[in-house]
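Open the model in your viewer and keep the selection tool ready. This tour goes stop by stop.

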Protein chains: 2
Amino acid sequence: MTAGSQGDRPVILLLLLCALGPSVSQGGKLLVVPVDGSHWLSLVRPLQPLQQKGHDIVVLAPDASIYIKEEAFYTLKRYPVPFRREDLEETFISLGRTVFEDDPFLKRVIKTYQKIKKDSALLLSACSHLLHNKELMASLTASSFDAVLTDPFLPCGPIVAQYLSVPAVFFLNGLPCSLDFQGTQSPSPPSYVPRYLSFNSDHMTFLQRVKNMFITLSESLLCDMVYSPYGLLASEILQKDMTVRDLMSFGSVWILRSDFVFNFPRPIMPNIVFVGGINCASKKPLSQEFEAYVNASGEHGIVVFSLGSMVSEIPEQKAMEIADALGKIPQTVLWRYTGTPPPNLAKNTKLVKWLPQNDLLGHPKTRAFITHSGSHGIYEGICNGVPMVMMPLFGDQMDNAKRMETRGAGVTLNVLEMSSEDLEKALKAVINEKTYKENIMRLSRLHKDRPIEPLDLAVFWVEFVMRHKGASHLRPAAHDLTWYQYHSLDVIGFLLAVTLTVIFITFKACAFAFRKCFGKKERVKKSHKSKTH
Amino acid sequence: MTAGSQGDRPVILLLLLCALGPSVSQGGKLLVVPVDGSHWLSLVRPLQPLQQKGHDIVVLAPDASIYIKEEAFYTLKRYPVPFRREDLEETFISLGRTVFEDDPFLKRVIKTYQKIKKDSALLLSACSHLLHNKELMASLTASSFDAVLTDPFLPCGPIVAQYLSVPAVFFLNGLPCSLDFQGTQSPSPPSYVPRYLSFNSDHMTFLQRVKNMFITLSESLLCDMVYSPYGLLASEILQKDMTVRDLMSFGSVWILRSDFVFNFPRPIMPNIVFVGGINCASKKPLSQEFEAYVNASGEHGIVVFSLGSMVSEIPEQKAMEIADALGKIPQTVLWRYTGTPPPNLAKNTKLVKWLPQNDLLGHPKTRAFITHSGSHGIYEGICNGVPMVMMPLFGDQMDNAKRMETRGAGVTLNVLEMSSEDLEKALKAVINEKTYKENIMRLSRLHKDRPIEPLDLAVFWVEFVMRHKGASHLRPAAHDLTWYQYHSLDVIGFLLAVTLTVIFITFKACAFAFRKCFGKKERVKKSHKSKTH
């Protein structure tokens with residue numbers, strides 16, 4: 001062995017380490033702390049490819065889950081919670097039911113407040129039971145996970161991640177009350193970044209900007225009821241003072257289920273990744289039943305109608321109005337509806353208990369999509385280029401509808417106030433007026449024209465965080481500043497003080513000099529005058 | 001033909017259009033308006049792959065260019081300018097020379113001011129000659145380009161693009177005076193986003209934040225001399241009032257030659273793409289000459305030393321100090337130096353007129369890199385994981401060095417003030433202390449761990465803008481607001497006025513009620529009293 005090759009040893013070792021670096025986490029361990037409901041339907045997408053890449057995946061779920069079920073590509077760890085699956089189902093279904101209750105405004109507000117309070121207490125209790133389950137938490141600690149993948153819509157996952165001292169990847173659509181902006185330190189000027197539930201677009205009138213500012217100022221109060229208990233729970237579990245903002249700041253990478261074909265352009269941060277349309281990827285051929293419906297629809301094609309999984313029934317009067325409108329278009333309507341069939345249902349309308357929404361929307365014979373404008377449905381509409389009639393019901397659905405309407409890709413209806421004629425008119429418009437189809441096709445082209453598929457991107461960033469034990473190089477220094485430092489208030493104060501002092505001293509000096517120069521003369525003059533008198 | 005298939009026609013046509021969409025621009029036309037000097041060395045990278053994808057590329061260059069030359073993969077269109085290539089070379093070389101002139105501070109400031117004034121007038125004259133070249137501009141208009149690819153460091157390209165009504169892709173490292181933040185509408189809080197030439201990191205002390213704020217407040221004045229003439233030129237050519245900010249706002253997509261391994265995390269916008277390290281991709285095996293140097297270096301390996309293409313000579317005293325330090329390390333030093341060899345040059349130091357920097361840095365025997373910390377060199381150091389001794393000379397080089405130093409990947413020296421011992425100590429530190437190598441290797445791993453290669457990303461986004469005639473869906477609404485609207489000053493004023501009015505009215509009403517209730521009693525009491533008297 002020569003001296004030269006000996007000298008190379010540390011370098012070769014380092015190079016080896018470097019080469020090994022990215023593959024160290026091949027066969028890593030990922031803990032998934034999901035949120036039940038439609039949130040889970042997207043979060044589950046990257047799990048199978050991650051498992052195929054050799055990672056062990058453990059999904060934590062309450063034993064009273066609705067959507068989260070056993071799958072071959074992960075280990076499901078269930079934990080006991082103080083409620084039954086039926087209780088949880090009731091919270092979901094009652095959310096859909098309350099939409100159609102025609103109460104006066106104040107009563108609605110009070111009922112909504114009470115419902116949110118009750119439901120969030122229920123969901124919090126699940127989190128509390130998980131975190132106080134000493135045996136389970138100890139076994140999780142012993143498992144030495146590389147990362148936690150979680151939806152911080154209910155910030156239980158961030159507490160688990162911090163308890164385990166494991167970096168977290170956040171996977172979500174968005175958060176209410178600008179918690180996502182706060183958690184990422186992403187600036188969001190209220191002058192053009194519309195707030196959650198504002199129903200504003202990015203181009204606002206003066207009064208819309210006033211409304212947006214008003215929501216901005218008040219949203220921390222609005223969300224306090226749901227979110228602040230998680231801060232208290234975290235403080236107790238982690239044995240240090242924690243706020244919800246601290247929990248949200250823990251995300252190494254934020255994978256957002258949106259993009260700027262759907263959302264309005266706004267400032268973002270380097271650790272935010274966009275995977276809008278991740279739910280459109282898996283397409284299957286239609287089953288015989290649905291193939292038959294579509295084929296029988298003739299030249300006019302079909303309309304797909306679903307108000308999402310939370311709305312199973314509609315008051316009879318409303319259902320009849322809808323059925324009436326559907327009967328007046330020449331298309332075959334496939335309506336996902338589990339309630340009692342309205343008596344006036346026309347021949348062209350087929351009620352089904354479930355429908356393969358994305359596969360149907362992908363069929364060239366689909367002419368329109370009637371949707372509650374949940375984020376999943378909207379993206380399926382965009383991916384497949386189907387113009388929409390939107391009947392937003394709650395949560396972000398009004399904002400989603402506003403985005404599509406602004407782009408001319410659909411028509412929004414108020415499900416409570418609309419008449420049968422309104423629906424008929426809206427349907428005929430999106431089906432027959434070329435602009436709707438053209439606009440949604442343009443959005444579809446833009447959305448699909450991307451350098452990397454959303455699913456691959458999500459998988460990449462989860463693995464990135466696993467490989468590098470976080471993404472600290474993407475963490476802005478803003479997290480380490482107080483609010484007044486962030487806004488440079490101390491610096492501005494200092495500069496103002498310096499400027500004022502300089503002005504004051506200059507003024508005093510000038511005044512002194514003035515007195516010295518002219519004061520004497522004045523006195524001289526005066527004394528001179530007095531002498532002449 | 002059935003009725004059904006007839007009805008499908010418009011849908012099938014639309015689907016066809018959709019499928020054709022992304023490939024319409026295959027065989028598109030791209031106009032490149034580059035900036036000469038090192039800027040060109042990166043901008044040229046995506047041109048060959050773009051040409052291979054079937055696009056016609058026309059590069060516009062003054063007939064007095066230094067770096068921009070004929071190549072097989074583009075058509076070079078030269079235009080006459082009122083200076084010679086030698087004049088331009090002199091501006092570059094004198095920039096390197098002035099660095100070593102040991103003048104008193106005030107004289108340096110005045111000389112720098114005069115030099116910038118003179119050089120920017122020269123470069124502006126090239127732009128003016130291009131824009132007033134009616135024949136050339138007419139032929140460009142007739143060519144119907146799909147997009148303009150340009151470096152807005154000198155904003156001539158944006159004027160050309162607007163004149164031709166063609167979308168522009170900006171390709172750059174960054175802009176002085178926050179023009180890039182302004183152009184993209186990217187917020188940049190001075191509390192943690194260090195300003196150009198501030199030499200601050202993202203974690204600043206109070207006084208550093210004061211300095212950063214001071215630069216923020218004054219930078220528009222500083223850059224006015226260089227940039228405002230382009231606004232005047234644009235106003236003349238485009239026949240409408242234009243500012244530099246308007247020119248910068250014209251970029252559909254901003255391709256930035258950096259990433260967050262090098263730069264500090266800060267807010268970004270959806271139309272900003274990062275391709276840091278795009279210059280590292282093309283690696284070749286070493287020529288026999290350099291292979292021989294490296295092989296002969298033995299166990300200690302080599303050190304690569306270059307102060308960039310603008311510095312060809314160093315004052316003899318400084319060169320001797322450097323040569324002295326280089327002679328005291330056991331490594332072989334390859335020094336790119338075209339000046340007179342210093343008389344004390346040690347045996348281990350080889351002077352070369354040119355060196356294959358990236359290929360040498362990629363050799364496992366390379367132990368350190370002495371660099372002026374230009375952005376290209378820094379990225380070659382990062383890509384190849386070589387710790388650096390940095391001697392920043394001008395422009396963004398001090399800021400670049402600060403970034404690497406903050407990450408513990410190198411040592412910064414003041415080339416004017418450093419002694420021979422300082423250089424020797426710095427070299428021995430980065431070569432022998434493990435942390436420097438470990439830190440640069442960590443940065444290298446993070447930098448290379450990306451879902452898509454920077455060159456592919458640059459090519460994708462240029463083609464995206466060509467395909468979709470811009471990227472209007474990524475343009476933030478902030479561009480359409482006045483400064484007081486953007487900062488919601490009108491809204492805040494309105495809300496304050498409303499609040500004050502409500503307080504005033506409430507106060508007046510209370511006072512009135514108080515007077516009504518108690519005022520009477522008072523009077524009654526008084527009259528009662530007066531009666532009793």
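To compare the copies, they are superposed by least squares on the C-alpha atoms of residues with pLDDT of at least 70 in both. Keep in mind that this is a predicted model.

**Stop one: the axis.** Show chains A and B together. A rotation of 180° with 0.0 Å of shift along its axis brings chain B onto chain A, with an RMSD of 0.0 Å. That is how a two-fold axis relates copies. The same surface serves both copies, as 98% of the contact residues of chain B recur in chain A.

**Stop two: a loop in chain B.** Select Ser65(B). It sits in the loop between strand 2 (56-62) and strand 3 (75-79) of chain B. Is Ser65(B) buried or exposed? Ser65(B) counts as buried because its relative accessibility is 5%, and the cut-off for buried is under 20%. Next, show Pro62(B): its backbone oxygen is 2.6 Å from a polar side-chain atom of Ser65(B).

**Stop three: aromatic rings.** The count over all chains is 30 aromatic pairs. Select Phe460(A) and Phe464(A), a tilted pair with 5.9 Å centre to centre and 45° between the planes. They are four residues apart in helix 19 (residues 454-468) of chain A, so about one helical turn separates them. Phe460(A) is buried at 11% relative accessible area; Phe464(A) is buried too, at 1%. Finish with Trp40(A), Phe73(A) and Tyr74(A), which form one aromatic cluster.

Terms used:
Residues numbered from 1 in each chain as written. Chains lettered and ligands numbered in written order. Predicted model: local features only at pLDDT ≥ 70, side-chain atom pairs only at ≥ 80, totals over all residues. Heavy atoms only, no water. Helix = DSSP H or I, 4+ residues; strand = E, 2+ residues; numbered from the N terminus. Buried < 20%, exposed > 50% of the residue type's maximum accessible area, 1.4 Å probe, protein only. Polar contact = N/O pair within 3.5 Å; in protein donor to acceptor, adjacent residues only side chain to side chain. Contact = heavy atoms within 4.5 Å. Phe/Tyr/Trp six-rings, centres within 6.5 Å; stacked < 30°, edge-to-face > 60°.
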